[in-house]
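Trainee: I have this one open and would like to go through it. Please start wherever you like.

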Amino acid sequence: MNLHEYQSKQLFAQYGIPVPRGQVADSPEAAVAAARALGGSRWVVKAQVHAGGRGKAGGVKVAKDLEAVRAATQGMLGTRLVTHQTGPEGLPVHLVYVETASNIAREIYLSLVLNREAGRIALVASAAGGMDIEEVAQHTPEKIIRVNVHPAAGLQDFQCRQLAFGLELSGPQIAHFGRIAHALFRLYLERDASLVEVNPLIVTGDGELLALDAKINIEDNALFRQQDLAALRDPTQEDPMERKAAEHELNYVSLDGNIACMVNGAGLAMATMDLIQLHGGQPANFLDVGGGATKERVSAAFKLILSNTRVTAILINIFGGIVRCDMIAEGIIAAVKEVGVRLPVIVRLEGTNAPLARELLAGSGVGVTPAGDLTQAATTAVKMAGARR
């Protein structure tokens, strides 16, 4: 689950991480009132969406007077902000964050993320922070430095100094950086984060460190013990199909193709999508109905993938180990009859009760196309999807 910038900065402040003063607003009038309350002569108006790259997309505006605050807010609220992370459909802007402008001398990148290969939390930094950090990572990765934190030892002072020296900080800035790094690490652990990112962490004209931006992702599986954070979820920033899938305990990710996939098991789902692409097709989604799928959940999954208007064929690939193939077949039949499917449906079923499942499908009259193996299923789906398109 992602948090908005203003929500992340509220958490930062709770952990003693310095942030500029700011207020959230949902109207031009509220934004002007926020700017007045904050004081000063310059403000920054930021669109609140769950995506990076806002600055390049026009979602961050510097305002030199109150009318500029009003105009910037009017130009953002009610629109959909399109960045390199959102895709062409963009994300809706319902809130802006009005913040006092800062005197920026340097921009630094700093984040904490799980290094799965090392089994450690990685503290990642770069002296080349700011809007172009993705290009830095791609073209000059040597500018990015990192340390892996041992879970038993925790973040050590020498690791903070190692990063501070690599960032060319000096004097009191080194100690200040260490305090910020330790606070971020505590936040990461205590709030069950999967990502904590500050881009940029600025050095002000006075030599102070300040978190100018904030991004926090919370691990979904830990939300049961982070109820206060779970209450901050903004469903308007989430893919509606993925949100609907979560309600039925389905693992779903939207993709850009036209061949819908329904598979049980994440590994098998990945293999299915790979084979579709190998044979010239494009998957429309990742959908794992789970090892213990019920007939109702399978029916819900079927309806979900059919709601995607780009889909021209459906590939169902089930290996019945824990889940029974006949139960999957019943879910398929129920969904096809209820929704009235007119798209090609290719089904490959193997495992527990597979012969019974094939009998059920053959006698149902729903018109599915059986496949003997996964390769045949993928090639048939690609062929039928192309013909349908």
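Mentor: Start with a helix pair: α2 and helix α3 (residues 66-76) have axes that come within 8 Å and cross at roughly 140°. Axes here are lines fitted to C-alpha atoms, for helices over the stretch in contact, and angles run from 0 to 180 degrees between N-to-C directions. Helices (H or I, at least four residues) and strands (E, at least two) are DSSP runs, numbered from the N terminus.

Trainee: What is the hand of the crossing of α2 and α3?

Mentor: Right-handed. A crossing is called left-handed if the near helix is turned anticlockwise from the far one by less than a right angle, and right-handed if clockwise. On the α2 side the contact (heavy atoms within 4.5 Å) is made by P28, E29, A31, V32, A35 and R36, and on the α3 side by L66, V69, R70, T73 and Q74.

Trainee: What should I know about the model before going on?

Mentor: This is a predicted model, in which local features need pLDDT of at least 70 and side-chain atom pairs count only at pLDDT 80 or more, while totals for chains, interfaces and linings use all residues. Residues are numbered from 1 along each chain as its sequence is written, and side-chain values use heavy atoms, with hydrogens and water left out.

Trainee: How many helices and strands does the chain have?

Mentor: There are 13 helices and 18 strands. The C-alpha atoms fill a box of roughly 75 × 50 × 40 Å along the principal axes. Of the chain's 389 residues, 50% count as buried, which is to say under 20% relative accessible area, with exposed over 50% and partly exposed in between (1.4 Å probe, protein chains only).

Trainee: Back to α2. Which strands does α2 touch?

Mentor: First the sheet: it is open, with four strands in the order β1-β6-β2-β3 and antiparallel pairing. Two strands pair if DSSP finds at least two bridges between them. β1 (22-25) and β3 (60-63) are the edge strands, each pairing on one side only. β1 and strand β6 (residues 96-100) run antiparallel and are joined by four bridges, with V24 opposite Y97 in β6. Helix α2 (residues 28-38) packs on this sheet and touches β1, β2 and β6, its direction making about 20° with that of β6.

Trainee: And α1, how does α1 run relative to β6?

Mentor: At about 50°, lying across β1, β2 (43-47) and β6. Seven of the 10 residues of helix α1 (residues 5-14) are buried, so this helix is largely enclosed by the rest of the structure. The buried ones are E5, Y6, Q7, S8, K9, L11 and F12. After α1 comes G16, whose phi is positive, near 80°.

Trainee: Where is L212 found?

Mentor: In the loop between β11 (209-211) and β12 (215-218). L212 counts as buried at 12% relative accessibility. Beyond four places in sequence, the contacts of L212 include E5, K9, P20, K46 and E99.

Trainee: New topic: α5 and α6. At what angle do α5 and α6 pack?

Mentor: Helix α5 (residues 157-166) and helix α6 (residues 172-190) pack at about 120°, with axes 9 Å apart. They are therefore oblique to each other; angles under 35 degrees count as roughly parallel, over 145 as roughly antiparallel, 65 to 115 as roughly perpendicular and the rest as oblique. The crossing of α5 past α6 is right-handed.

Trainee: Last one, β17. In which sense does β17 pair with β16?

Mentor: Parallel, over seven bridges, with strand β16 covering residues 313-320. One of the bridges has L315 partnered by I346 in β17. The chain goes from β16 through helix α11 (residues 325-339) to β17 in a right-handed β-α-β crossover. Right-handed there means that, with the strands pointing away from the viewer, the path from the first strand over the helix to the second runs clockwise.

Trainee: What does β17 do with β18?

Mentor: β17 and strand β18 (residues 369-370) pair in the parallel sense over two bridges, and the partner of I346 in β18 is T369. The chain crosses from β17 through helix α12 (residues 354-362) to β18, again as a right-handed β-α-β crossover.

Trainee: Why is β17 largely enclosed?

Mentor: Because five of the seven residues of strand β17 (residues 345-351) are buried.
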